[in-house]
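Trainee: I would like to take a close look at one part of this model, the place where two chains meet, and then at what lies behind it. Please take me through it slowly.

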Amino acid sequence: MPVEVRLPTILRAHVGGAPSVTVEGSTVGELFNGLVSQYPGLKGQLITETGDLHKFVNVYRNDDDIRYTGRLDTPVEENDVVSIIPAVAGG
Amino acid sequence: MAGDPASRRRAGVLGGRALSIIEGFVEPTLRLPRSEYLKIIGHCYDGLPDEACGLLAGRVQPGTNVADGRVEVVYPTANADASARTYSVDSRDLIKSIRAAEARGLELIGVFHSHTHTEAWPSPTDVRQAMEPSWLYVIVSLKDGDPVLRSFRITDGKIQETPVVLES
């Protein structure tokens, strides 16, 4: 089903500047695969070469960090909002 | 605090900070209510021996993506790295702070973190991991007797210091 995915400022250039895009999928992983095939510039930004969630992004299904709800296997439903928020980090 | 001639001379030394070039102070001026300044300092000392971190919420100038510089609320957060050398804002604290700010008509405008033994200057790691060009990056050094707080914009790998003002 179509799900809204909200993108952070740093990734919006890859989708023509849009703050969010609607993608089809029933898990977060499927949404991200759909995103990358529509917007190849996002390749490698969300998912690493080994198929894991990139540690420099936080992904929330509604307000839940997907790391605690099944990671890329987290199921999504029609009115969910998936938000991608860059990690706030440094040293 | 930033602004005195001695700190400008210190800011101008390249030394180990060859990654970045200082071009003088830039806007916006970080305006910190005293209550929020004390929250920041308290949280930094509470976090010892690790680095502490937290988020800054305020307002953005209409029609721009630049903060007006006033910190309306500080949200202390957990350092998920639990390290004296690195920090990362706990992902659950991050979303909670975003929602709390939204509920008050505010948005996140920056982040603060402490340097336990080094100066209040962005490290190469800080520069590399700065993802928000419109944010203020506030660093608190605890290396001396009194805490030193300085504020920076970090864009395209470049560090630019902003003035800091404490408001009553």
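Trainee: How many residues does the contact take from chain B, and how many from chain A?

Mentor: Bearing in mind that this is a predicted model, the contact takes 18 residues from chain B and 14 residues from chain A. On the side of chain B that touches chain A, the elements giving two or more residues are β4 (87–88), α3, β5 and α4 (124–128) of chain B, and of these α3(B) gives the most, with 5 residues. Sorted by class, that side of chain B has 6 nonpolar, 7 polar and 5 charged residues.

Turning to the nonpolar cores, the largest one has 41 residues, and the members that touch the most others are B:L56, B:V111, B:L136, B:Y137, B:V138 and B:V140. Among the chain B elements that each supply at least two residues of this core are α3 (91–103) and β5 (107–115), both of which also give two or more residues to the side that touches chain A. The element that gives the most to the core, however, is β6(B), with 5 residues. Leaving aside residues up to four places away in sequence, B:V138 touches B:L30, B:L56, B:G110, B:F112, B:L149 and B:S151. A second, separate core of 15 residues includes A:V3, A:V59, A:Y60 and A:V82.

Notes. Residues numbered from 1 in each chain as written. Chains lettered and ligands numbered in written order. Predicted model: local features only at pLDDT ≥ 70, side-chain atom pairs only at ≥ 80, totals over all residues. Core = buried A, V, L, I, M, F, W, Y, C linked by C-beta atoms within 7 Å. Buried ≥ 20, exposed ≤ 12 C-beta atoms within 10 Å, placed from the backbone. Helix = DSSP H or I, 4+ residues; strand = E, 2+ residues; numbered from the N terminus. Contact = placed C-beta atoms within 7 Å. Nonpolar A, V, L, I, M, F, W, Y, C, P; charged D, E, K, R; others polar.
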